[in-house]
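The following paragraphs lead the reader through a protein model, moving from helix contacts to a sheet and then to the backbone of several loops. Please keep the structure in view while reading.

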Amino acid sequence: MRHSNRGAVDPFIVMDVMEAARKAEAAGRHIIHMEVGQPGTGAPRQAKTQLIAAMDDPMGYTVALGLPELRARVAQLYLDWYGVTIDPARVVITSGASGGFLLAFSALFDNEARVGLGTPCYPSYRQILKAVGLTPVDIPTTLDNRFQPQPVDVAENNLDGLIVASPANPTGTMLDANELKALAEACAAHGAAFISDEIYHGIDYDQKPVTALQVTDDVYVINSFSKYFSMTGWRVGWMIVPQDHVRQVERLAQNMFICAPHAAQKLALYAMDCAEELDGNLAVYTRNRDLMIAGLQDAGLTKFAPPDGAFYVYVDVSDFTDDALGFAAEILEQAGVAVTPGLDFDARRGHHWLRFSYARGTYDIIEGLARLKAFMATRR
Ligand SMILES: Cc1ncc(COP(=O)(O)O)c(C=O)c1O
């Protein structure tokens, strides 16, 4: 049967790394997983207990925009975390941030619209844009700009939209209030839509992240219960949209998804009151981050921007290889550590970069760093 060109998107290379790691484990090897971008912890315990008690509910469809009590609770989070008042009517509950992207792109852009991405970036932005007939525009960023796009990029690339992530994947760098404001203003001046992916909020270290809603209402903010709330597989997230976009997004959500999974929405509601357990997870990431910064440097991997948030370090390995894919395979084979080559995040320059995730337990981080140090000693 025929198939579409826009559906011919690139594979997610990290999945290939995970498969190679799985094969090594099946062959009896012990592998440290620094490739996976998800918490090793599950949903908060108390939230799961509450969900079990709620399971007599038939869990039919919810309304398309999500459970009203969850939308109100998300609005409350903006007051608690940032001091920003959001009308719950602007909150859209989605099937993860991924479902949010599909809704946002469909609501905002017509065919072939040019949507800017500061590379390196989360790979699925590019692939989803392509799959829905839009034009992803790569904007190469620099270590000096902490890997974030600049306001001038909007007009220079004649963009119809710009997506930023703060903290970002794979670099963990953040945008401060002034930087977000300047980007939002550049988008407004050029008639471009501004989309802010804030999925790693809550996983931050020295300074609190700023939501784009602190500097503008003219933005789609996308977030999720996958990371800080440790609920990756439950597939629930949210989006805050301008008031006059709610009805358009609602119509799309009704037709594309009907609703986000009902049980997952309930679990998300309960998880929002589990700050103590979730902040315990954050304490582990904080310790892991310090170990990573010191341990990578000790191993001779010194070229990176220390992450402000998320649980990744993106390292320039150009002193050691021109082939990050092969280098990652060697590290897996010789050191038993799975890491992600940069090509997923930056097709042009990623062959000189590796992403290390520290989302797992601290023991794994200590062991993984010791193995990396021994491996790197053979490369110098
Ligand atoms: C920056 C970023 N945005 C979005 C997602 C997708 O998240 P979700 O599980 O909510 O669909 C990820 C997943 O790793 C991510 O890193």
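Glu69, Leu70 and Arg73 in helix H3 meet Gln265, Ala268 and Leu269 in helix H9, where contact means heavy atoms within 4.5 Å. The residues of this contact of H3 with H9 divide into three nonpolar, one polar and two charged; Ala, Val, Leu, Ile, Met, Phe, Trp, Tyr, Cys and Pro count as nonpolar, Asp, Glu, Lys and Arg as charged, and the others, Gly among them, as polar. The model is a predicted one, in which local features need pLDDT of at least 70 and side-chain atom pairs count only at pLDDT 80 or more, while totals for chains, interfaces and linings use all residues. Residues are numbered from 1 along each chain as its sequence is written, and side-chain values use heavy atoms, with hydrogens and water left out.

Helices (H or I, at least four residues) and strands (E, at least two) are DSSP runs, numbered from the N terminus. The axes of H3 (residues 68-82) and H9 come within 10 Å and cross at roughly 35 degrees. Such axes are lines fitted to C-alpha atoms, for helices over the stretch in contact, and the angles run from 0 to 180 degrees between N-to-C directions. The crossing of H3 and H9 is left-handed; a crossing has this hand if the near helix is turned anticlockwise from the far one by less than a right angle, and is right-handed if clockwise.

Helix H9 (residues 262-271) also meets helix H2 (residues 45-53), the two axes coming within 8 Å and crossing at roughly 135 degrees. H2 is therefore oblique to H9, given that angles under 35 degrees count as roughly parallel, over 145 as roughly antiparallel, 65 to 115 as roughly perpendicular and the rest as oblique. The crossing of H2 with H9 is right-handed. From H2, Ala47, Lys48, Gln50 and Leu51 take part in the contact, and from H9, Ala263, Lys266, Leu267, Tyr270 and Ala271. By class, six nonpolar, one polar and two charged residues form this contact of H2 with H9. The spacing of contact residues along a helix can be read with one rule in mind: an α-helix has 3.6 residues a turn, so residues three or four places apart point the same way.

Helix H5 (residues 123-131) is largely enclosed by the rest of the structure, because seven of its nine residues are buried. Buried means under 20% relative accessible area, exposed over 50%, and partly exposed in between (1.4 Å probe, protein chains only). The buried residues of H5 are Pro123, Ser124, Tyr125, Arg126, Gln127, Ile128 and Leu129. Their cover includes helix H4 (96-108) together with strands S3 (114-119), S4 (135-140), S5 (161-165) and S6 (193-197). After H5 comes Gly133, with a positive phi near 80 degrees.

The next element to examine is a sheet. Three strands form an open sheet in the order S9-S12-S11, with antiparallel pairing. S9 and S11 are the edge strands, each pairing on one side only. Two strands pair if DSSP finds at least two bridges between them. S9 (residues 312-316) is joined to S12 by five bridges, and Val313 has Phe356 of S12 as its bridge partner. S11 (residues 340-341) is joined to S12 by two bridges: Thr340 is partnered by Arg355, and Pro341 by Leu354.

How many residues of strand S12 are buried? Five of the five residues of S12 (residues 353-357) are buried, so this strand is largely enclosed by the rest of the structure. Trp353, Arg355 and Ser357 are buried on one side of S12, and Leu354 and Phe356 on the other. Helix H11 (residues 324-335) lies across S11 and S12, running at about 40 degrees to S12.

Most residues other than glycine have a negative phi, and most peptide bonds are trans. The bond from Ser166 to Pro167 is cis, with omega near -10 degrees, and so is the bond joining Asn169 and Pro170, with omega about 20 degrees. Pro167 is in the loop between S5 and helix H7 (177-190), and Pro170 is likewise found in the loop between S5 and H7. Glu112, which is not a glycine, has a positive phi of about 70 degrees. Glu112 is found in the loop between H4 and S3 and counts as exposed at 61% relative accessibility. Arg235, also not a glycine, has a positive phi of about 60 degrees. Arg235 lies in the loop between strand S7 (220-224) and strand S8 (237-240) and is partly exposed, with a relative accessible area of 32%.
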